[in-house]
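Hi,

Here is the structure I promised to pass on. Have a look, and my notes follow below.

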Amino acid sequence: VVGGNNSSNTNKLVEIAEAKFNSIPVKRILNKSEINKNDLEGHFVVAVISGTSTPLEITNEVIDYLKSI
């Protein structure tokens, strides 16, 4: 989930994702620099969602970065 620490929308998205996908790790990040490649080992699919106040540019940078690794 891409979004700010203090965003209630982002925090709610994390909460929903954790409840829905309880066996899959859910991470909240501010931007692509917070992506840890080690967290992705063994995972072949990554879903990205962002809070409403997260700029589309930031979300797209995260998606583009994930596509590149």
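Predicted model: local features only at pLDDT ≥ 70, side-chain atom pairs only at ≥ 80, totals over all residues.

Residues are numbered from 1 along each chain as its sequence is written, and side-chain values use heavy atoms, with hydrogens and water left out.

Aspartate 39 forms a salt bridge with lysine 27, their closest N and O atoms being 3.7 Å apart (the rule is a side-chain nitrogen of Lys or Arg within 4 Å of a carboxyl oxygen of Asp or Glu). This pair links distant parts of the chain, 12 residues apart: lysine 27 in the loop between helix 1 and helix 2, aspartate 39 in helix 2 (helices are DSSP runs of H or I, at least four residues, numbered from the N terminus). Lysine 27 is partly exposed too, at 46%.

The count comes to 2 salt bridges. In the other, lysine 12 meets glutamate 15 at 3.2 Å, N to O; both sit in helix 1 (residues 8–20), 3 residues apart, about one turn.

Then helix 3: its buried residues are Thr59, Val62 and Leu66. They pack against helix 2 (contact means heavy atoms within 4.5 Å). On the other side of helix 3, Leu56, Glu57, Lys67 and Ser68 are exposed.

Cheers

How values were computed
Buried < 20%, exposed > 50% of the residue type's maximum accessible area, 1.4 Å probe, protein only. Helix = DSSP H or I, 4+ residues; strand = E, 2+ residues; numbered from the N terminus.
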